[in-house]
Each structure stands twice: as structure tokens, then as C-alpha cells.
Amino acid sequence: MKFLNSSGALVALAVAGFTCASPSSLKADLVIDSFDATAGTWTATWGTAPVLTFDADDAKGSAASGSLKVTAEYFTPDGGNGWEQMVITRNFDAPVIGSQYEAIAIDVKVDESSVANTDGHYGYFELKRTSDGTAMGGVNITSKEWTTISFPIAPTEGTLAGILIQNGSSTFQGPVSFKIDNLRFVAPPAPLTTIDTFDTEETAAGWTATWGSSPVITWDPQDAKGSPDSGSLKVTAEYFTPDGGNGWEQMVITRSFPEPVVGTDHVSVSVDVKVGEDSVANSDGNYGYFELKRSSDGTPLGGVNLTSKSWTTITFSIPATEGTLSAILIQNGSSTFQGPITYYLDNFVFTQKTGGVQPPTLAIAKNTQPGLKLIASAPGQAYQRQNVIYVPSEQLDQNLWWVNQGEALSYSVTWGDFPDRATQAGFQGHIILSKDSGKSSTPDWNDANVILVEFQYAGNPAENGRTMARARFLHKVNEPAGNAMLYRTPDRAAEGPVGVLGEVWAESMLGTWTITFKNDTDITITSADNKTVDITIPTEEVAAFEPSSAGISALFGVQPNSDARVGQSALITRITIVKGASTIVDDNFQGSELAPESWAARAQDAGGVFPLSPDIGFLVSWNLPDTGFVLNAAPSLAGPWSATGDPRQVGARRVLLLDKAAVPGDKAGYFRLVEAPPAQ
């Protein structure tokens, strides 16, 4: 497969796996020099011919970076009658359009060896245009500590090919050395859609307590930026009390927007948060899991554990596919609260896109093997579950469970591909077995009686922490809407029933893993390299897994467990269920669609769950939004070009599963995105 690089309406193809491109089009600061290893390309110009050297002293304290030291050793008193100056020049690698930036900034520090002039400073420090030597700004330098000096850039500023730095005085009394670091052009701040800055007491009325533990909402005069003319929103749940770690508690508040916020017009949402001094940490050492959620369906835009009693800005990205938001929910919850929690909110804003919507970017990946593709594709959902369910498992007459059955029952999954152990450890595959399922994508949380076999790369204590593949048996009984028991290890048995009963390790996740229920209580997990671990479910818990109205739901899937792992994927090449001597299902997912009588997607984003048949040669994808763009294909660069394919939406991307027979040329094919109407 070859790739087309072009300009204008054409977008370059890049070889890549499935990744979620950033929706941001904000202009970043332009750093000219940070002096990480050398003095760069600075030269002494007119004046007193300063000496330029690299210095290991970095403005940010980095041991891997440094600064530029500028010295004029021979400044001598001249009765105060003679102007002296040292001037250095930096020509830019590419011209800088000044009007695109808000300011020019540099970090400056006077060296300890320097001698102050008779006016008590170390010279008048100026940034000048190389074109005519006129100053963009100047200031007397006085500090022997790192100080940021910044000068505004006029909206009428033209193109800058370089910069001069001049330090001069007519009253020097001896040598002067200064260090500079991080010369940069500062981009203008992105425009904001402001929801609340809580300037007045009346603003608290815009927020309401919703579900959960009925928090108390009040206005407070403390402001995140220290302004005496503003304040914040105080949210308190006074009656969180210990409950043996078994009960999830949450406080949820809602803010409806006067005008809907168009998600695709924004790149992120931010809020300043501070935990109150009187708050009591939970048994996990934090103050709850803090989430911003969509009011339409309660799904989160993002979440983080609260840990700080100082003001902290929390920011979550807005997916490129985000729709219109008419309100936001803020939820703070935990299953291990130990006392009251208070937090303060300020400066709730959405950051707008600038520079217009960027065109989508194409990517292509080769299909190396058939199987069931499971992509953690729901944007911004660190704890999404992307599952398939074996449909007959929920039918009572199929008898797909093990309690009082008199014969063994086994579930096997073969991983054909799994995220990289070195960079994506923590990504989870799983088998979930749930009684009385509510048929959600998250039965391990919602349902009361659940077994979860968790597959992850993790550090093996028995191998000095070496990263290996692990299957771990977790379970819970009588715990709806919670997972405290599910993840409770034997060393925490004093807190309540233990859910983690055993684990087995292997060199690689790739291969077949099997969980076998031998009888009511005895279980064996077999790893991909045929190691085993035997597990026993306590006798008193057995009855919790005997169905009465529906079968035991059997789900197979993945969960990213981190915002950084959203977009990662795994491939299942075979699933089997065997009861006694009978093979109930043995599927290697060779078809073009899931067989509806056997399988159904039960996922946060069903678009990210699909089979890859042997006929699929490539996955061509691009990021959203893609309004007005059409995918074209051609057998050669000369064409003919024509619209092609029927892509599916997978999270924040469109993905075309390209049949091998549909490659437009005999040995190569070319693809491009063009603005409609498509080229012919």
C-alpha cells in the first residue's frame, strides 16, 4: 500500500496503528531556544563584544538543560559619561509572524559575579528587532534569581527574522554577566466560554443538588485567584460515614446552561477545585473520585481522584464528536469515605477552538490476523467496558452455569493481540460472569453477584517486579452499585469480604486462557503457557451464583483504565464455552459481522466492537469532525479518483474496513480525503 502526500484539500496518509488524534487546533507558544545542550546559534554583534558560553544553570531547574551565559568582562568606570553595551543576535530558523503572538518572553538571571552600576542595577535590558534595531521593550535588570521578562507584541507586528538582545548603561562600575533561557513567543490565550466564576453570592443559585447524598451548596468568599471581589461554590456532604468499605456514596450537583454549549466548538472543559481543610480522607488516601458528566446520559467527560487542599485546575478534553451540552453534572464519590467532605469550585469554563476546525488526517493499518476487534473507542472514558455477550448465556433453559450442575463448565478466550506490555500495562481484558444482570455494559459495577477474570500486564512480585501477563480471579456477592469487595485482597480482609481469590502468570498475554468451574466451589485458571492456579469460592457464597430467572451472563471484553489508554485495542481470535463433554460455542470470528443469534455488543461505544474477517486487508481511518470531506481511492496517483467505501464511526474516528479485493490497484492503492464534491 502506498501513500499520497499532498496539500490543499488533500490530506497525507500516515502509517500508524489505531490512535485517537487530538481535536485541538490551538496555537502553542513558539520556543526559539531552551538551551538544552548548547549555546545555540547566538552571535556577538556590536558593542563590547560579549563572550557567549553554555551554562548548566537552567531556569526551571532541569538537570538535562541549561542556559546561555553572556559576559562583558571589561566594563570599567568612565566617570559616568560613556554608554557601554553588549549586543547579541539570534537569527530564526524560520520567520516568525509577530502578530500571531501576544508577547515575547525570556528568562533572565544576573550572575553572582556581576557588579552593579551606580544606579544600583546591572544594565538596561532590551529585546530589539534585527531589521531596524528598534526595541520591542526594555527593563533594568536587578535580580540574581531567575526572572521572566515579557514584552507585549503589537497586533500590527510584522515578520521577524531574528532578535537582538542589548544590555547597556552609562554608569557601569565593573563586569556584568547574565544568563538567558527559554526565549519564546507567547501565543494568545484561547477564548473561553465561561459558565461560572462565582463573583457574587447569587451565582450559587444556578447550581442544584441532584442524586446521591444531597450535598449542601453555598457561596463562599474565597476565590481561586485570590480576588477580594469574587468567590467560589462550596459543596459539602457532612454525613459521609464509614460503612465498612462496602457502600458507594456520592454527591452530585448540576449546572444547567443558559445557552447550550456546542461541544465540537471546544477542546476542553476546566474547573478550579480545592478540598476543604476539614475534609476527611477516605481509606485510599484521597477525597473522592471527581467527575464531570453529561446530563443527557450521566456518562463522564473525565474523572480524577481529589487529593489537594490547595487550588488545582482540573481539565478534561472534549471529544471531537461531542454534541450539544445543555448542562453538566459534577459527581464526587467513593466506596471508602471515612468522614465529611467539602470542596470548592471556581472558574468553570470551556476552552474554545481557535484557528478554525482542522481538516481530518488519514491513517492506515494492515490487518495482520482475523478475529474480534475490541477498541476502547469511547472518547474520554477511562473506565469504559467494550464487551460482547454470548446471547444464549442469559437464557435460563441453556443451563450455562456450574452450581448444582454435576459437570464442569469452562470459558476460554484466545488473545491474538494485546496492547504493549512496556507502554500500556494496566490495559484490561476480561471475562465477566454475572447473575441477574441488568444488561448494561458495566455489570461488574451494577450487578450484585459477579465474577470477573481480569487479564493485564503487571509487575510480578515473584519475578522481582518483572512485567508479565496475569489473569486474576475477582468476585463479589450482594454488592450492587459497587466494587469494594471485587477488588479487596486478602491483606485487607479486616475491611470486609475478600474478592480477589487467586492469580496465574505467563510470559505473554497472547494465547488461550481458560477458567474451569469443576464443581460448585472449585475453580482452575489455566494460562496461555499452561500454568494453573486452583481457587475455591467460599461455600456460603455458592448460592449467590445459582440462577433462578435468567442464566449467568457471559461477557468478553476490554477496559482501558486510563485516559492515556483510550483508543488502544485488543484482538480475540477465539472464544469457547464447554460444558461437560459438549462444546457449547467455538467461534473464531471469521465472518464480516457478529452472528446475532450468538453475539451482541454490550459496550460504551458499540462501534468499537467488530469482527475482522480474513478478507479485510487494511483499516483506513481518519479523525472527526470530517464534515464536507469524502474519501477517494485510485489505482495510481494519476487516477482515476472516485469516492469509496462505507466507513463506520468508531469513537472519534471513522474506520473503513478495506476488503483485499477492493484495493484499487493490482499491487498498490492510493487514498485521499477531499472536500465534497469528490474528484473524478
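Predicted model: local features only at pLDDT ≥ 70, side-chain atom pairs only at ≥ 80, totals over all residues.
**The cores**

Begin by selecting Trp 402, Tyr 411, Trp 415, Trp 513 and Phe 556, which are the residues with the most contacts inside the largest nonpolar core, a set of 54 residues. Then centre the view on Tyr 411 and display its surroundings: leaving aside residues up to four places away in sequence, Tyr 411 touches Leu 400, Trp 402, Ile 431, Leu 433, Trp 513, Thr 514, Ile 515, Phe 517, Ala 554, Phe 556, Thr 576 and Ile 577.

**A buried histidine**

Next, select His 266, which is in strand β18 (residues 266-275). Because its relative accessible area is 6%, below the 20% limit, His 266 counts as buried. Show the side chain of His 266 and follow it to the backbone oxygen of Val 262, which it reaches at 2.8 Å. Beyond four places in sequence, the residues that His 266 touches are Thr 193, Val 261, Ile 318, Phe 350, Thr 351, Gln 352 and Lys 353.

**Backbone features in loops**

Most residues other than glycine have a negative phi, and most peptide bonds are trans. Phe 198 is buried, at 1% relative accessibility. Ala 481 also has a positive phi, near 55 degrees, and lies in the loop between β30 (466-476) and β31 (500-506); at 40% relative accessibility, Ala 481 counts as partly exposed. Then select Gly 639 and Pro 640, which are joined by a cis peptide bond with omega near 0 degrees; Pro 640 lies in the loop between β41 (629-634) and β42 (642-643).

**The largest pocket**

Finally, turn to the largest pocket, which holds about 1300 Å³ of space. To place its centre, select Trp 248, Tyr 289, Tyr 383, Trp 445 and Asn 483, the closest to that centre of the 45 residues in the lining. Colouring by element then brings out β19 (289-294), β20 (300-305), β22 (324-334), α1 (443-446) and β29 (449-460), each of which gives two or more residues to the lining, with the largest share, five residues, coming from β20. Coloured by class instead, the lining shows nine nonpolar, 26 polar and 10 charged residues.

Methods: Residues numbered from 1 in each chain as written. Heavy atoms only, no water. Core = buried A, V, L, I, M, F, W, Y, C linked by side-chain atoms within 4.5 Å. Buried < 20%, exposed > 50% of the residue type's maximum accessible area, 1.4 Å probe, protein only. Contact = heavy atoms within 4.5 Å. Helix = DSSP H or I, 4+ residues; strand = E, 2+ residues; numbered from the N terminus. Polar contact = N/O pair within 3.5 Å; in protein donor to acceptor, adjacent residues only side chain to side chain. 1 Å grid on protein atoms, 1.4 Å probe; cavity = no way out; pocket = protein on both sides within 12 Å on 5 of 7 lines; lining within 4 Å. Points joined across faces, edges and corners; volume = space filled by probe spheres on them. Nonpolar A, V, L, I, M, F, W, Y, C, P; charged D, E, K, R; others polar.
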